Each structure stands twice: as structure tokens, then as C-alpha cells.
Amino acid sequence: MTSRWVDEVARHRDLDVTWNVMSLFVLNEDQDIPEEYRERIHKGQLYPRIVTAAALRHGQEIVKPLYDALGEHVHHRQESDPEQVVPAVLRELDLDADLLEYAWTDEVDQVVRASHQEGIDRVGQDVGTPVIAVEGTAFFGPVISPAPKGQEAVDLWDGVVAVAKYPGFFELKRSRTVGPIFDTVA
């Protein structure tokens, strides 16, 4: 949702956006977490691998469309089998089917880790995803749903820019009351 919001803001403001991967597996690999969650994020590391492999082959401009397409299938359509999801997404984006091979190897893991670490170095250890950096200040969040549109998107952006300017600002948080609300058709 945050990435969709940033896309919306970029329609109204001149933003220089660079998309990077963050790995929940890397973030949590040394943490005491439930085994079920550990298994889920271990399996999920194939998605940052695919995005990273595609970026290495095709450049930064493929990162967001690939991320969006994977998110649409996995989160919105609730398709859980990566052996079905990834080939479908690669076809949708007219990307080489052999990118799927990177999902099952550690060939690009060092690049995934470097991208992840770049985000952590900006924001600190006690975070999750998403991480955004605005005017040299990085944050975990905002965690939003649904992604705001039009003036609401710009207003939220202006608020984030405002708090980024205050060096003593660290956190706002409240409990989530809804899951992701998509504005696309599943």
C-alpha cells in the first residue's frame, strides 16, 4: 500500500524514487520468532531474489512493476504457490522465464542482503517493512490501507516530509484495524 501511495504522490509531485528490496527473512534470521513464521519468510525469500535478479538484468525500471505484479498475485488475489505465481508474473511483464531459476538458489542473495542492509543502515534495526527515505531521513512506514489518492495522498506526503525535517521525530503508531484494501479487481 505504501508503494501505491508513493506512486500516487509521484503523479502530483516531482519525486526521484528508487525502489529497493527488503527481506523479512534477513530481517528476522537471528530473531526468536515462531517456527511457522520462520518457515513462511524462508519460503518468501524467493520473491526478493526474483526482483533482484530482474533488476540486475533489466535495471531499476523493472523493480516497481515486478514488485507490483507479484504483490497483486500474492496479496490481493491470495495466490500462494510461487511455482504458479512467478511464471505468470514473468509472462505478464514479458520477462525471461529463466528468471524463475534465481528463486531456488542463493546466487543473488548477497545483492538482496546489500539492498536490505542499505535500508536498515538508513533507518535502524527496530523496524519492519516498508522503509522510506525522505529528504535524508528514513522511516519504517507509513503502514497504510487503503493507499490514499489525489489530495489525500499529497497531504500525507507533506506530513511525512514535515516530520522528516524534525530531527527528534521517531515514531507514530496505533493498532491496525483493517488489512490491505486494494483498489484493483482480483
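Helices (H or I, at least four residues) and strands (E, at least two) are DSSP runs, numbered from the N terminus. I am working with a predicted model, in which local features need pLDDT of at least 70 and side-chain atom pairs count only at pLDDT 80 or more, while totals for chains, interfaces and linings use all residues. Residues are numbered from 1 along each chain as its sequence is written, and side-chain values use heavy atoms, with hydrogens and water left out.

**Entry 1**

Volume here is the space filled by probe spheres set on the points, which are joined across faces, edges and corners.

**Entry 2: the cavity**

I then turned to cavities (sets of points where a 1.4 Å probe fits but cannot get out), and the search of the whole structure finds 1 cavity of 30 Å³ or more. The largest cavity has a volume of about 60 Å³, and I listed its lining as Ser23, Val26, Gln45, Pro48, Arg49, Asp109, Val112 and Arg113. Which helix gives the most to this lining? It is α7, with 3 residues, although α4 (46-58) and α7 each supply at least two. By class, I recorded 3 nonpolar, 2 polar and 3 charged residues around the largest cavity.

**Entry 3: how α5 packs**

For α1 (residues 2-12) and α5 (residues 63-76), I found axes 11 Å apart at an angle of about 135°, taking axes as lines fitted to C-alpha atoms over the stretch in contact, with angles from 0 to 180 degrees between N-to-C directions. The two helices are therefore oblique to each other (under 35 degrees is roughly parallel, over 145 roughly antiparallel, 65 to 115 roughly perpendicular and the rest oblique). In their contact (heavy atoms within 4.5 Å), Ser3, Arg4 and Asp7 of α1 meet Lys64, Tyr67, Asp68 and Glu72 of α5, and these residues divide into 1 nonpolar, 1 polar and 5 charged.

The axes of α5 and α6 come within 10 Å and cross at roughly 135°, and that makes α5 oblique to α6. On the α5 side I noted Leu66, Ala69, Leu70, His73 and Val74, and on the α6 side Val85, Val86, Ala88, Val89 and Glu92. This contact has 8 nonpolar, 1 polar and 1 charged residues.

**Entry 4: backbone notes**

I looked up two cis peptide bonds: one joins Gly141 and Pro142, with omega about 0°, and another joins Ser145 and Pro146, with omega about -5°. Pro142 lies in the loop between β2 (137-140) and α8 (150-164), and Pro146 is placed in the loop between β2 and α8 as well. I also noted Asp94, which has a positive phi of about 55° although it is not a glycine, and which is found in the loop between α6 (82-92) and α7.

Notes. Ala, Val, Leu, Ile, Met, Phe, Trp, Tyr, Cys and Pro count as nonpolar, Asp, Glu, Lys and Arg as charged, and the others, Gly among them, as polar. On a 1 Å grid over the protein atoms alone, a cavity is a set of points where a 1.4 Å probe fits but cannot get out, and a pocket is an open set with protein on both sides within 12 Å along at least five of seven lines; lining residues have an atom within 4 Å of a point.
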